[in-house]
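User: I would like to learn how to read a metal site and a domain interface. Can you take me through one case?

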Amino acid sequence: MTAIDISTESTNTTITVEALTQFCDDYLSANAFKDYVPNGLQVDGGRPIQRIVTGVTACEALIDAAIADNADAIMVHHGYFWKGEPATITGMKGRRIRKLMQHGISMIGYHLPLDAHPVVGNNAMLAEMLDLTITGPLYPTESHPVGNIATCVPQSVDDLIAKITQALGRTPLHIAAEYHENSSSKTSNRLIERIGICTGGAQDMIEQAALMGCDAFISGEISERTTHIARELGIDYFACGHHATERGGIQALGKIVSQEFGVPVTFIDIDNPA
Ligand SMILES: [Zn+2]
């Protein structure tokens, strides 16, 4: 677990949970997205906010860290109440929510709006870390598309792997574009300059990236099928880790919140190799 203080100096400023949520909703245009999880305030802790903890996922370890930090609110990318999950507040979900309520901690989550935001979004932050320039959406016809197309200085697969490893602190799983017998020399000479990018569990967007003429696609997770899709559509795939690719957005949003309201915000990274 790593804690990074990303706030302005500590003050006694107090804000309401409504003001905090309204600001973030507006900033991220949260209501414009069709999502499979509610965005914004998910658990109301019932008290004003003086300290905020941010993290990727509202897991129990993050809640414990927030309690230890005396935080009044947790802001995350992965909250609760996903479409299709049991509606009851029992078991693991029950324990998490009970802990939040007992300690008066509010939980605020932003999913797709935080992936897509052009400034603080996960995709924007990952592109910045990898020296990629976002040039447009991966799905140009959608009104609030998630996923981007980016360009970079033409570089070899090995150079891109080194860049990702350095930026994220872990080596990506790479699937080479071609499977033909004589492909190894072709693949090693291949230069990558047009890249599809979408953080998290967006591996199936690789087909759209191929359709859009990308040399490579970067996301977090990989499925068994992704290997065959990459090989057969001739597009290099880099699985960089769901958690690893989604640490940027919530940290950037925390900075904006801290600047706006002058409350201390601490990002707490709960290790996750997936
Ligand atoms: Zn995610």
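Analyst: Start with the metal site. The donors of the zinc ion follow the spacing H-x163-H-x3-E along the chain. Keep in mind that this is a predicted model.

User: Which residues coordinate the zinc ion, and through which atoms?

Analyst: H78 and H242 each give NE2, and E246 gives OE. The distances run from 2.0 to 2.1 Å.

User: Why look at where H78 and H242 lie?

Analyst: H78 sits in strand β4 and H242 in helix α10 (residues 242-245), so this pair ties together parts 164 residues apart in sequence.

User: Now the domains. What does the domain assignment give?

Analyst: Domain 1 takes 2-110 + 246-269, and domain 2 takes 116-245. Their C-alpha centres lie 29 Å apart.

User: How many residues of each domain are in contact?

Analyst: Contact here is heavy atoms within 4.5 Å. By that cut-off, 16 residues of domain 1 touch 16 residues of domain 2.

User: What area is buried between domain 1 and domain 2?

Analyst: About 1300 Å², with carbon and sulfur atoms giving 58% of that area. On the domain 1 side, F33, E246 and R247 supply 45% of the area buried against domain 2, more than any other three residues. E246 is also one of the zinc donors.

User: How many salt bridges and polar contacts link the two domains?

Analyst: Between domain 1 and domain 2 there are 0 salt bridges. The polar contacts number 12 residue pairs, both residues at pLDDT 80 or more.

User: Which elements give two or more residues to the domain 1 side?

Analyst: α1 (17-28), β4 (73-78) and α11 (248-261) do. Of the elements, α11 gives the most to this side, with 6 residues. By class, the domain 1 side that touches domain 2 has 9 nonpolar, 4 polar and 3 charged residues.

User: How many salt bridges does the whole structure hold?

Analyst: First the general idea. Side chains of opposite charge can pair when their charged atoms come close. A search of the whole structure finds 10 salt bridges. One example joins the side chains of K99 and E60, at 2.8 Å from N to O. K99 lies in helix α3 (residues 91-102) and E60 in helix α2 (residues 60-68), so the pair ties together parts 39 residues apart in sequence.

Technical notes:
Residues are numbered from 1 along each chain as its sequence is written. This is a predicted model: local features need pLDDT of at least 70, side-chain atom pairs count only at pLDDT 80 or more; totals for chains, interfaces and linings use all residues. Side-chain values use heavy atoms; hydrogens and water are left out. Domain bounds come from an automatic or database domain assignment. Buried area is the accessible area (1.4 Å probe) that two parts lose on being put together, summed over both. A salt bridge is a side-chain nitrogen of Lys or Arg within 4 Å of a carboxyl oxygen of Asp or Glu. A polar contact is a pair of N or O atoms within 3.5 Å; within protein, one must be able to donate a hydrogen and the other to accept it, and residues adjacent in sequence count only if both atoms are side-chain atoms. Helices (H or I, at least four residues) and strands (E, at least two) are DSSP runs, numbered from the N terminus. Ala, Val, Leu, Ile, Met, Phe, Trp, Tyr, Cys and Pro count as nonpolar, Asp, Glu, Lys and Arg as charged, and the others, Gly among them, as polar. Donors are N, O and S atoms within 2.8 Å of the metal (3.2 Å for Na, K and Ca); water is not among the atoms, so sites may look incomplete.
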